[in-house]
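Please look through the structure below with the numbered points of this note beside you.

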Amino acid sequence: MANRVPEPNPVVLQSDQLYQYILETSVYPRESEHLKQIRDATATHPAAFFGTAPDAGQLMAMLLKLVNAKKTIEVGVFTGYSLLLTALTIPDDGQKENEGAFDFAFVDADKGNYLNYHERLMKLVKVGGLLVYDNTLWGGTVAKPEESVPVYKRQWRKATIEFSKSITADHRVEISHVPSGDGVIICRRIC
Ligand SMILES: C[S@@+](CC[C@H](N)C(=O)[O-])C[C@H]1O[C@@H](n2cnc3c(N)ncnc32)[C@H](O)[C@@H]1O
């Protein structure tokens with residue numbers, strides 16, 4: 001049990017019907033066949049909940065377009081839903097190399113290291129670029145008393161709360177905390 005990967009609820013919207021409505025009316029009809037194939041193939045994986053939620057993916061694609069991202073970096077790949085989404089969204093001359101100034105960073109890895117990733121990425125992402133962090137509401141546990149949360153989820157719940165506080169206090173970035181998927185914090189580097 002000690003080594004169990006903490007499992008969030010896959011989304012924070014606590015109404016299955018409403019979430020299905022969003023997926024079926026706005027997300028799935030626009031999802032590319034390639035992404036659907038990855039999502040279907042991942043559905044039977046024991047850690048299927050790892051995959052970036054399709055609604056959060058749609059938001060991410062919109063952000064990539066809005067900043068005209070060409071150079072992107074991702075931390076936490078799993079079966080590659082968010083990575084393929086990025087590759088399909090950025091222009092053909094876009095790059096996913098780890099060098100130079102990046103337009104866009106997406107972090108969906110070990111929650112205890114988000115602040116470390118943030119410091120590294122603040123050097124890699126250019127001023128005006130975006131840093132996007134996934135699972136920032138950790139299945140809704142961030143708003144629940146610790147004692148009501150299963151023990152195996154508590155460590156990353158705490159890390160997620162601390163990350164949110166630190167990002168809010170970080171005046172090098174503008175932020176928006178969006179309740180899409182499992183929660184997404186969008187940061188725009190301003191200095
Ligand atoms: C939540 S999944 C990412 C899901 C991915 N965004 C998708 O859409 O399929 C987290 C991934 O981060 C990886 N990971 C965990 N700790 C990491 C670390 N320290 N460095 C890099 N990757 C890490 C895990 O192996 C896993 O593949």
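1. In strand S3, the bridge partner of Phe106 is Val132. The model is a predicted one, in which local features need pLDDT of at least 70 and side-chain atom pairs count only at pLDDT 80 or more, while totals for chains, interfaces and linings use all residues. Residues are numbered from 1 along each chain as its sequence is written, and side-chain values use heavy atoms, with hydrogens and water left out.

2. Strand S2 (residues 102-107) and S3 run parallel and are joined by five bridges; two strands pair if DSSP finds at least two bridges between them. Between S2 and S3 the chain passes through helix H5 (residues 114-124), and this β-α-β crossover is right-handed, that is, with the strands pointing away from the viewer, the path from the first strand over the helix to the second runs clockwise. Helices (H or I, at least four residues) and strands (E, at least two) are DSSP runs, numbered from the N terminus.

3. S3 is also joined by five bridges to strand S5 (residues 184-189), and these two run antiparallel; in S5, Ile185 is the bridge partner of Tyr133.

4. Because seven of the ten residues of S3 (residues 125-134) are buried, this strand is largely enclosed by the rest of the structure. Buried means under 20% relative accessible area (1.4 Å probe, protein chains only).

5. Which strand gives the most to the lining of the largest cavity? S1 does, with three residues. Lining residues have an atom within 4 Å of a point of the cavity, which is a set of points on a 1 Å grid over the protein atoms alone where a 1.4 Å probe fits but cannot get out. Phe104 and Phe106 are among the lining residues.

Definitions and conventions:
Buried < 20%, exposed > 50% of the residue type's maximum accessible area, 1.4 Å probe, protein only. 1 Å grid on protein atoms, 1.4 Å probe; cavity = no way out; pocket = protein on both sides within 12 Å on 5 of 7 lines; lining within 4 Å.
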